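My notes follow in the order in which I looked things up.

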Protein chains: 2
Amino acid sequence: MYAQGMHSSAATSDYTGYALCRGLDRRASSQVVTMASTQRLQAGQQLFGEGDRADGIYEVASGIVRLYKLLPDGRRQIIGFLSDGHLLGLAHRENYVHTAEAVTPVTLHRYSRAGFDRLLDEVPSLARRLLSATSDELRAAQDQMLLLGRKSACEKIASFLLTIASLQGEDGDADEVQVPMARCDIADYLGLTVETVSRTLAKLKQDEIIELPTPNRVALVDRDRLEDLAAGECA
Amino acid sequence: MYAQGMHSSAATSDYTGYALCRGLDRRASSQVVTMASTQRLQAGQQLFGEGDRADGIYEVASGIVRLYKLLPDGRRQIIGFLSDGHLLGLAHRENYVHTAEAVTPVTLHRYSRAGFDRLLDEVPSLARRLLSATSDELRAAQDQMLLLGRKSACEKIASFLLTIASLQGEDGDADEVQVPMARCDIADYLGLTVETVSRTLAKLKQDEIIELPTPNRVALVDRDRLEDLAAGECA
DNA sequence: ACCAAATGTGACAATCTGTGACACGCGTAA
DNA sequence: TTACGCGTGTCACAGATTGTCACATTTGGT
């Protein structure tokens, strides 16, 4: 899923783009920025693959990254879309246990694992903040389990659209959302096929709940109805 | 899911049953034990409900606890079974976001939220360990997303049985496992119905992959085949 | 302007669900 | 100790939702 990234809607600072600095003092923030290197990816480019040695921790500065796991026959489950403020690579041990790829052009800050561990030693409050951020990710994952295990295709799409809207709106909710992911990405995130995603969007359009000005933009016409669907309150 | 709890197969210590003490020095361990109170639940009894105020953090000392989320119409998704060594209630903010109930008779250690926060202040290394434990839970949740979103009923059941076996065996793998959960719990954990769980177990028995001496015990007869199924390597 | 990729649609199949009936086992009461 | 009731588990049959396959249309990039 995507939980809210590790940023807050606070005033800008000298370390905009370094969400890891949030809440740290000036000296610690300087350490963070010094040890970070910047990396850019094109859309579709892989950051790391499942099984690769987990020697880096990354922070999304801009763009969208997809995380996924694969089955041997190619079945793919996307386990999260990450936007700015999110960390990648923190929860791994020796090797990465999923793959990370750019959905859009992406800018990342990279921290070596060794450097990151030293930082944790030197800045004790950082572990508290990472614990909080990882807990946010865990709660989002648990919400997604409910969606994957129990919701119908229509409820899944409704939930997805509302989640995206809640992250794009200035005041928390947008009436029209930009959906940068392809239909096959949405399908692999919701445990559906592309055809079902397409058919379900068409049905919601037919029921005048949404509009699709272009394939990558969705207007939420009947938000109340969408919220009822997402909450599982309709047949 | 259940990730491994916060215990290791190390030597016993004076604080057996207090997995939170693992890795702490004697003074910190004494603090933990002093602030903990013990709580016992009968099978089926609720520990906390979704929406309740999150004022306690719990550690499972013995028994099994199920965590679940509900939809308004009663659809339930179990998001994890926790055994000894696991913490509950850590990832929540103001209110619990899921429900916790005892599957078997359970003994827990309870820490108040306020006391727990003070402990984190006084024992900096604790946050590192909790970060590690929460990361384990997050990885397990991501594995479960792959299962819920992409695996067939048979692959789900095979995965479930192997997971249980890997936690019950002395050397990591048991040939016969105890399944203390009811069929409806297994169903709600795997995103299936009780009938499908029952049919799938019957099919695996018919194919001589497992045996069911009693409904709560499963003998893994053809472990290689089960592992292939769980990994998604068969039709 | 062209082409490839993405999206959308229709027909049919498959997997899982839903329902009803029945069997079995366990716990409690007599 | 025995019998009964209830909860759990199993099974058969029918239905529904989603997947699969093939093809048409649209969109975006060069």
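This is a predicted model: local features need pLDDT of at least 70, side-chain atom pairs count only at pLDDT 80 or more; totals for chains, interfaces and linings use all residues.

I then asked which elements of chain B supply at least two residues each to the side that touches chain A, and noted β4 (65-70), β5 (76-82), α2 (113-122), α3 (124-150) and α5 (183-190). The largest share of that side comes from α3(B), with 21 residues. By residue class, I recorded 20 nonpolar, twelve polar and 17 charged residues on the side of chain B that touches chain A.

Next I looked up the salt bridges, of which there are ten between chain B and chain A. One of them joins A:Asp121 to B:Arg128, where the closest N and O atoms lie 2.8 Å apart.

For the extent of the interface, I noted that chain B and chain A each bring 49 residues to the contact, and that the two chains bury about 4,200 Å² between them, 62% of it on carbon and sulfur atoms. B:Arg128, B:Met145 and B:Arg150 supply 18% of the area that chain B buries against chain A, more than any other three residues.

Last, I turned to helix α4 of chain A (residues 153-168), whose 16 residues reach 23 Å from the first C-alpha to the last, close to the 22 Å expected at 1.5 Å a residue. I also looked up the buried residues of α4(A), and they include A:Glu155, A:Lys156, A:Ile157, A:Phe160, A:Leu161 and A:Ile164.

Note on methods. Residues are numbered from 1 along each chain as its sequence is written. Chains are lettered from A and ligands numbered from 1 in the order in which they are written. Side-chain values use heavy atoms; hydrogens and water are left out. Contact means heavy atoms within 4.5 Å. Buried area is the accessible area (1.4 Å probe) that two parts lose on being put together, summed over both. A salt bridge is a side-chain nitrogen of Lys or Arg within 4 Å of a carboxyl oxygen of Asp or Glu. Helices (H or I, at least four residues) and strands (E, at least two) are DSSP runs, numbered from the N terminus. Ala, Val, Leu, Ile, Met, Phe, Trp, Tyr, Cys and Pro count as nonpolar, Asp, Glu, Lys and Arg as charged, and the others, Gly among them, as polar. The expected span of a helix is 1.5 Å times one less than its number of residues. Buried means under 20% relative accessible area, exposed over 50%, partly exposed in between (1.4 Å probe, protein chains only).
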